[in-house]
Amino acid sequence: MKYIDFPKDRDLDLILIGRVAVDFNPSPEEGFKPLSQVVKFERYIGGSTVNTAIGVNRHGLKVGLIAKISDDQLGDFCLDYLNNEKNIDTSHISRAKNGEKIGLTFTEMKSENESSILMYRNMIADLALDVDDIDYDYIKKAKAILVSGTALAESPSREAVLKAISFAKRAGCKVIFDIDFRNYNWKNKDEISIYYSIVARQSDIIMGSREEFDLTEKLIVDKSLNDEESAKLWFEENAEILVIKHGKRGSNAYVKNGESYSIKPFPIKARKGFGGGDGYASAFLYSLFDGKEIIECLEYASAEASMMIRSNSSSDLPNTEELEEFIRESKKEYGEFVARGDLK
């Protein structure tokens, strides 16, 4: 069933705009321990935007990235990594000109249920993205653009994002908003709500956690909304599909035609408590572009999220064959509808 009409005959399926970073995760041999005790790390490319780009690319979508990286060896590492991925266009990844550095993330894994991250984001390269980096002729090559909420945290990146959305509207591209709240760089909750709501009002697909929707809606409603009320609010604006995540409880999807669906996580043994969102977005968007039913989109998304939570890296995303094998094996072990059902 077709839930959203993506434009036809475009060179790219999706252009993603947002954060490129570098992750340092404890080597598996370190086991679970406080970060202060870790000696050996593994280095990965990171950032939700770039991970989602890698994820949808491994499912066969043709993607491009608009991003700013550091003009140094770590910038080289990220660019080389992406250039080795088939069908990721890096022509609009540019180098920061004023000494800004790529963001670094150190992961702490204390147990299967306790993990955290330590961020280094002063003078950060990704938020140096500028309006001059946004090219209409490039935007119009895509069926859709995906905007990360992290890219709205500071100028000039937030103006660059708003310019990209204006160009997408002009070119008939669909706008996907991954709210992707990260507390760093933001000054206060009012600022968050102002910029998130501006983008949400122009978006065709909005994806985020319940907490992220609460932040987005803070200044435009009198009380906290439930999922159904949020769907009604944004469908009265521009949205056609809403996905609202509830962590370990699962997630809900709403379609403008009135349909709604729920999914629960696939059972796994966790390595860390984050990274699942990138896999979730990758599989959901691939499935949507592929024309799958929404409940199938959710099933693929939930499965890939679980795969990423058990992985040591947030960028080691599966291809479609690996994802479908995980779903088959999970259903064989836990039952055909292991993840389907109302959230409790």
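Lys245 sits over the face of Tyr280, 5.2 Å from the ring centre. A charge counts as over a ring if NZ of Lys or CZ of Arg is within 6 Å of the ring centre and within 35 degrees of the ring normal. Arg43 does the like with Phe77, lying over its face at 3.8 Å from the ring centre. Bear in mind that this is a predicted model, where local features need pLDDT of at least 70 and side-chain atom pairs count only at pLDDT 80 or more, while totals for chains, interfaces and linings use all residues. Residues are numbered from 1 along each chain as its sequence is written, and side-chain values use heavy atoms, with hydrogens and water left out.

Now for rings against rings. The structure holds ten aromatic pairs, where a pair means rings of Phe, Tyr or Trp (its six-membered ring) with centres within 6.5 Å; planes under 30 degrees apart are stacked, over 60 edge-to-face and the rest tilted. Take Phe24 and Phe106: their ring centres are 5.1 Å apart and their planes are at 15°, so this pair is stacked. It joins distant parts of the chain, with Phe24 in strand 2 (residues 21-26) and Phe106 in strand 6 (residues 103-111), 82 residues apart. Strands (E, at least two residues) and helices (H or I, at least four) are DSSP runs, numbered from the N terminus.

Phe106 has another partner, Phe41, and that pair is edge-to-face, at 5.8 Å centre to centre with 85° between the planes. Here too the link is between distant parts of the chain: Phe41 is in strand 3 (residues 41-46), 65 residues from Phe106 in strand 6. Phe41 counts as partly exposed because its relative accessibility is 31%; buried is under 20% relative accessible area, exposed over 50%, and partly exposed in between (1.4 Å probe, protein chains only).

Next, follow strand 9 (residues 174-178), where five of five residues are buried. Lys174, Ile176 and Asp178 lie on one side, Val175 and Phe177 on the other, and both faces are covered. In a regular strand, side chains alternate between the two faces of the sheet.

Strand 9 pairs in the parallel sense with strand 8 (residues 142-148) over five bridges, and pairing takes at least two DSSP bridges. Within that pairing, Leu146 has Ile176 as its bridge partner. Strand 9 also pairs in the parallel sense with strand 10 (residues 205-209), over three bridges, and there Phe177 stands opposite Ile206. The chain gets from strand 9 to strand 10 through helix 5 (residues 189-200), in a right-handed β-α-β crossover: with the strands pointing away from the viewer, the path from the first strand over the helix to the second runs clockwise. Strand 8, helix 4 (residues 157-171) and strand 9 also make a right-handed β-α-β unit.
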